[in-house]
There are 2 protein chains.
Amino acid sequence: MIRDSRLSGVLHGLLHMIGAGEPVTSEQLAQAMATNPVVVRRVMAGLREQGLVRSEKGHGGGWTLARDPADITLADIYRAVGAPTIVAMGHRSENPGCLVEQAVNDALSGTFREVEAIFLKRLGAVTLDALAKDFKRRLAKHKQSLEDQIHAAK
Amino acid sequence: MIRDSRLSGVLHGLLHMIGAGEPVTSEQLAQAMATNPVVVRRVMAGLREQGLVRSEKGHGGGWTLARDPADITLADIYRAVGAPTIVAMGHRSENPGCLVEQAVNDALSGTFREVEAIFLKRLGAVTLDALAKDFKRRLAKHKQSLEDQIHAAK
DNA sequence: TATCATGTAACTTCATATGTTACATGATGG
DNA sequence: CCATCATGTAACATATGAAGTTACATGATA
């Protein structure tokens, strides 16, 4: 099963934008996300429609965050990228006449829906700011680790 | 996103097998599942490898359950059909060098794994027998409903 | 031995995220 | 005003994998 990576990709891009402090072009984001500028625009367009980011044309243009990252949850971003399918399984058909199918569908649908609700709840509990801070912690740790190596080599 | 319907389809087929009491051919199962006999054999082959069903060739042959449906959970069946992808989303790439990517992947992976665990736990709590009984309840209710209509029409 | 059924390889089909090319639109700086 | 830079978007190509299909081999039964 091909897995949709739009949420993953756009989060990557947003963290870059937070770190930049100035408009970031699709070209730069594409390089960071190892993809194509058009793909970036395509997915970012959804975020813009939801008022999460802004885009500016021309010199010095590019993408900027439109809202406080502390007020944006991963669930907001998930919806903004088009609310991709969460559960990769589905029903063979939706024939309401077959009682066997009804029993099977109900049993699976209940689980599917529960899983989707939990997924969205979890995403809703994480803000973009929290993710950015997590990244900064990793960065600090990484730098510390590098310095330790330098000192150890003296 | 195309959703994998093997689990749904095979459950449908298994309920038919339970109701039949004698070997059911791929042809019959295919008709019930609105698909092709080869597709049925393909997916049933996984169940056979796990010892959940048996197949017999020749006259009077077909598919039969190999174990007590009360001892088979939907999780067993899920695994037997090849453990299809549960979460339809994934990471854009697995570049361990990029700290941004690490932060994003960890945040999403945690949620993905939690969701998958819950999914399997739920499937593991439902036996094939329970599903069959649920179907029988629906059938009885349906029959009752039909009779009521006949009586009301008198 | 004819028939029935599974076993399996080797296709085709289909949906859809992703990648790419091409060109239009609009903003900035000279 | 015009060259440049950037987004906006349509149109098409590519890739993946489930599902569907065809063809034929294998084996069991009557």
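A salt bridge is taken here as a side-chain nitrogen of Lys or Arg within 4 Å of a carboxyl oxygen of Asp or Glu. By this criterion, a search of the whole structure, which is a predicted model, gives 16 salt bridges over all chains. Six salt bridges are counted between chain B and chain A.

The interface between the two chains involves 53 residues of chain B in contact with 53 residues of chain A. The area buried between chain B and chain A is about 4900 Å², and 67% of this area is on carbon and sulfur atoms. On chain B, helix 1 (6-20), helix 5 (99-124) and helix 6 (128-153) each supply at least two residues of the side that touches chain A. Helix 5 of chain B provides the largest share of that side, with 20 residues. The side of chain B that touches chain A consists, by class, of 29 nonpolar, 14 polar and ten charged residues.

Superposition of chain B on chain A requires a turn of 180° and a shift of 0.0 Å along the axis, and leaves an RMSD of 0.1 Å. This relation is that of a two-fold axis. Both copies use the same surface, as 100% of the contact residues of chain B recur in chain A.

Among the salt bridges that join the chains is the pair Asp106(A) and Arg138(B), whose closest N and O atoms are 2.8 Å apart. Asp106(A) belongs to helix 5 (residues 99-124) of chain A and Arg138(B) to helix 6 of chain B, so this pair links two chains. Asp106(A) has a relative accessibility of 45% and therefore counts as partly exposed. A salt bridge is also formed by Arg138(A) and Asp106(B), with the closest N and O atoms 2.8 Å apart.

Within chain B, Asp134(B) forms a salt bridge with Arg138(B), at 3.2 Å between the closest N and O atoms. The two residues, Asp134(B) and Arg138(B), are four residues apart in helix 6 of chain B, about one turn of the helix, and both are buried. Salt bridges with shared partners connect Asp106(A), Asp134(B), Arg137(B) and Arg138(B) in one network.

In chain A, a salt bridge with an N to O distance of 3.7 Å is made by the side chains of Asp134(A) and Arg137(A). These residues, Asp134(A) and Arg137(A), are three residues apart in helix 6 (residues 128-153) of chain A, so about one helical turn separates them. Asp134(A) is buried, at a relative accessible area of 19%, whereas Arg137(A), at 54% relative accessibility, is exposed.

Helix 1 of chain A includes Ser8(A), which is buried with a relative accessible area of 4%. Beyond residues up to four places away in sequence, Ser8(A) touches Gly90(B), His91(B), Arg92(B), Val104(B), Asn105(B) and Leu108(B). Leu14(A) also lies in helix 1 (residues 6-20) of chain A and is buried at 1% relative accessibility. Leaving out residues up to four places away in sequence, the contacts of Leu14(A) are with Leu47(A), Val53(A), Leu65(A), Ile77(A) and Leu128(A). The C-alpha atoms of Leu14(A) and Thr64(A) are 8.7 Å apart in space, with a sequence separation of 50 residues.

Notes. Residues numbered from 1 in each chain as written. Chains lettered and ligands numbered in written order. Predicted model: local features only at pLDDT ≥ 70, side-chain atom pairs only at ≥ 80, totals over all residues. Heavy atoms only, no water. Contact = heavy atoms within 4.5 Å. Buried area = accessible area lost by both parts, 1.4 Å probe. Nonpolar A, V, L, I, M, F, W, Y, C, P; charged D, E, K, R; others polar. Least-squares fit on C-alpha atoms with pLDDT ≥ 70 in both. Buried < 20%, exposed > 50% of the residue type's maximum accessible area, 1.4 Å probe, protein only.
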